[in-house]
Amino acid sequence: MRETDMYAALCERRRSNRKFDPAHPVPDDVLDRCLELATLSPNSSNMQLWEFIWIRSESMKARMVPLCMGQQAASTASHLVAFITRGDLWQARATWNLDQVPKAASEKDEKRNKLMQKYYGTLMPLVYRQDVLGISGLIRRLFTGVLGLFRPFMRMGKAGDRRVVLHKSCALAAQTFMLAITSEGYDTCPMEGFDRVRVARALSLPAGAEICMIVAVGKGTEAGIYGERRRVPSEQVIRKL
Ligand SMILES: Cc1cc2nc3c(=O)[nH]c(=O)nc-3n(C[C@H](O)[C@H](O)[C@H](O)COP(=O)(O)O)c2cc1C
């Protein structure tokens, strides 16, 4: 099969399944492979500000079910994976990116390294640094607002902008993971129906970490598919200019 056909088949086959078959647990090595693939997802500035928490112990899964509002997808899942944004790690990740820069062996390398230094040393703090009073956000908004009057400029500033950046990348990782699980012959259900405060406590998340979504994984059943897949007509969604 051509790669494009394989990808189309995966996208067609992936459905949100809300009732998994307890007789077919998903082997751990499947999760290992799919989580590794999730790390290959595109992400903003390669900052990789995410964490994938694999909830596999029976006791922890049982604890999560009521926190996921008792959803059947959670109670019947073989595994749960929480996709977490880790904005709190921005400094460590910026440093990690800088550490990856090879020593300059030529003038061209030196130029590239200077650019990297500017990017991770100056721009990333502008995007991610936060303070309690919100002063850095205000300065950012002013700065981008004024410069934006004269030329195209990325309008970053509000705390919400930063959260959007973090959740975009994390959701892409969740999608990579779900398609990988589909390719292994198993099923998933992404969930945002959970108590974020209690889940954060149960997972001992540090301040600054947020739950993007929790993905239930298992062998899907027919009863777990709630009807035909319905989509609004493509003309209402795809705009061609
Ligand atoms: C971010 C996100 C959150 C979702 N939360 C839930 C949820 O809490 N419970 C649930 O049953 N389905 C949830 N879904 C699944 C959607 O309802 C489902 O993707 C949509 O109806 C389309 O169906 P399909 O995935 O089978 O194509 C969620 C999907 C996404 C992307």
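**A tour of the aromatic rings**

Start by selecting Arg 56 and Trp 54: Arg 56 lies over the face of Trp 54, 4.4 Å from the ring centre. The model you have open is a predicted one.

Next, select Lys 219 together with Tyr 186. Here Lys 219 sits over the face of the Tyr 186 ring, at 5.4 Å from the ring centre.

Now turn to rings that pair with rings. A pair of aromatic rings is described by the distance of the centres and the angle of the planes. There are 5 aromatic pairs in the structure. For one of them, select Trp 50 and Phe 52: the ring centres are 5.5 Å apart and the planes stand at 45°, so this pair is tilted. Both Trp 50 and Phe 52 are buried.

Together, Trp 50, Phe 52, Phe 83 and Phe 177 make up one aromatic cluster.

Then move to Phe 143 and Phe 153. Their ring centres are 6.0 Å apart with the planes at 85°, and because planes over 60 degrees apart count as edge-to-face, that is the class of this pair.

Phe 143 has 42% relative accessibility and so counts as partly exposed. Phe 153, at 25% relative accessibility, also counts as partly exposed.

Note on methods. Residues numbered from 1 in each chain as written. Predicted model: local features only at pLDDT ≥ 70, side-chain atom pairs only at ≥ 80, totals over all residues. Heavy atoms only, no water. Phe/Tyr/Trp six-rings, centres within 6.5 Å; stacked < 30°, edge-to-face > 60°. Buried < 20%, exposed > 50% of the residue type's maximum accessible area, 1.4 Å probe, protein only. Lys NZ or Arg CZ within 6 Å of the ring centre and 35° of its normal.
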